[in-house]
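Me: Please set out the structure below as a series of questions and answers.

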Amino acid sequence: MRILSLVRPKLVGATAAEPSMRRPARGAGLFSGSTTRAAVTVLLAVLLLAAAPTLPAGANPHRPGTVAEEIDRFLSAQMQDSAIPGAAVAVTRGDRVLMVRGYGHDSTGEAVTGDSLFRIASLSKSFTALALMQLIDAGRMDLDDPVQEHLPEFQLSDPRAGQVTVRELLDHTSGLTDAMVPELSRPQPRTPTEATTSLRSAHLASTPGTSWSYHNPNYQVAARLVEVLSGEPFAQYLRRHILEPAGMASSTSTVTDDEPVPGLAEGHVTAYGHAFTAPGPGSYTVGDGGIVSSAADMARWLIVNTTGGQTADGTRLVSREGMRLLHTPSARQGGGYALGWDTDGPLGAPTRVDHSGTLFTFTAEEAIWPGSEYGVVLLFNAGSPMMLDQTAIVHGVFDIIEGNSPPASGPHLAATLDTVLAALTLAALTLGACGVVRAGRWARRRRGAPLRTMLCLLPAVMVLGAGAAFPRLAEAGIGRDVTWRAAAYTWPALVVFVLAALLAATATLLARGWQWWRIRNTPSAAGQQPDQCTEDLTTSAAATNPAISPV
């Protein structure tokens, strides 16, 4: 894949002139020889500084022509060390594409290229937000209009529903949360209309505009709002008003994360340092995560966002003011969340505007730097525990663009944690087997002490309770809806460990309970006394269950 290098800025028409050896005439004043040379030097320095590219705040200057090459070297090395099978990258600056390339392979064994298709997950939110901003530009609504004013079917079992504005849908301050609307565990909608009307029994967790909570159904309602205001199906609107004008011919929109798309290979989950092909779980994704695209197409999308809303050929998709609003922190409590984008740096002048996304078997990241007009998108055809591998790679690319040194080592944290979990899984199963094999001896020692017996079984009971409540405990830790299926996609090794601990505790309880009941109802030898109860190590080793995140 061709890699375009950056061009060194230069002064057009500048020439060097030898200084005059003649003594300046009296009265020349400020225009005398040495003063003239100094003035020219200062002028040239000012012009060079003005022509030099603007770098992100705190960045060190790059040698022109090296950014794309550095990213290519970094990604080549990282992908060799990672369990992620394939990835693609696009790097832009202003209206120029600097780099589009693929690495690794897809689930069919084909090499990944810049034209390979990926599910871009929550990067889709930036498209939905742009669609609504186009309609605002057209005068169809205002950003701070109540949603119900344009979408009467948006009804909740909460009188505050009428206060929810379009802005609050897009910056996740509507008051809807996963605790109120369990996105993954609820029956999945099939259309934008159904996604909206299915909320009629929902309550708000807070007054609209006062609290931030990332919640995908906000954007599912936004997709329905696009349909009502435009009179077009959401997928058709995206194609006619965004994808086609931007030149994104390979991109499309899907309804679920397992919907087949011609040319799109299945993604992967990773566990124990290996990738396993897997289809998506079938979650509804219209408006919040349903776009399928390529690195080449996403390069065109980056250009739209770094040039104030117009394509490389000058076609304007949204007003410059509309694009500014999309990239400006909006949520009061969102830590810098804008409209379909997140931000880093001062709220008044973000140094980076970005967004990540995950659909369990695909992950993605997009980012732009307003100061330098750089843009980058990274697409991966696998998930990983807590997106640890992808995050390490993404931050390394960010370091390069911002003039810092990326890490030299590969992304090993996910594999390391999985190795630890594998050891804990084997330990849990071993202890469980020992508990079953020694259940008879354990029961004989406690034959005459029912209360002590119950107390000694308590650790195993606690493991069973914690394991059964695992999804709820994870929800409490991360504030998002968690199901066993989502957990298995997100962190397979952790779920295997939890199940192994549950199996060990269950087998130990059943074996010891049966042996204790059997021996207690069998005449014992005279004078046999029960020994003091000792702590059971079989189950206490697995008593702690760490929590996980789904995206």
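Reply: Buried means under 20% relative accessible area, exposed over 50%, and partly exposed in between, with a 1.4 Å probe and protein chains only. The model is predicted, so local features need pLDDT of at least 70 and side-chain atom pairs count only at pLDDT 80 or more, while totals for chains, interfaces and linings use all residues. Residues are numbered from 1 along each chain as its sequence is written, and side-chain values use heavy atoms, with hydrogens and water left out.

Me: Is arginine 190 buried or exposed?
Reply: Arginine 190 forms a salt bridge with glutamate 194, the closest N and O atoms lying 3.3 Å apart; a salt bridge is a side-chain nitrogen of Lys or Arg within 4 Å of a carboxyl oxygen of Asp or Glu. Glutamate 194 is partly exposed, because its relative accessible area is 26%. Arginine 190 has 63% relative accessibility and therefore counts as exposed.

Me: Which residue meets arginine 480 in a salt bridge?
Reply: The search of the whole structure finds 16 salt bridges. One of them links distant parts of the chain, 302 residues apart, with arginine 480 in the loop between helix H15 (470-478) and helix H16 (484-490) and its partner in the loop between helix H5 (166-170) and helix H6 (192-197); helices are DSSP runs (H or I, at least four residues), numbered from the N terminus. Both side chains are buried. At 3.1 Å, N to O, the partner is aspartate 178.

Me: Which residues are linked with Arg352 in a network of salt bridges?
Reply: Arginine 352 and aspartate 354 form a salt bridge with their closest N and O atoms 2.8 Å apart. Both of these residues are buried. The network links Arg352 with Asp344, Asp354 and Glu402.

Me: Which helices each supply at least two residues of the lining of the second largest cavity?
Reply: A cavity is a set of points on a 1 Å grid over the protein atoms alone where a 1.4 Å probe fits but cannot get out, and lining residues have an atom within 4 Å of a point. The lining here includes Ser124, Thr128, Phe234 and Leu238. The helices are H3 (124-137) and H8 (234-243).

Me: How many of the 14 residues of H3 are buried?
Reply: H3 reaches 20 Å from its first C-alpha to its last, close to the 20 Å expected at 1.5 Å a residue, where the expected span is 1.5 Å times one less than the number of residues. H3 is largely enclosed by the rest of the structure, because the buried residues number 13 of the 14.

Note on methods
1 Å grid on protein atoms, 1.4 Å probe; cavity = no way out; pocket = protein on both sides within 12 Å on 5 of 7 lines; lining within 4 Å.
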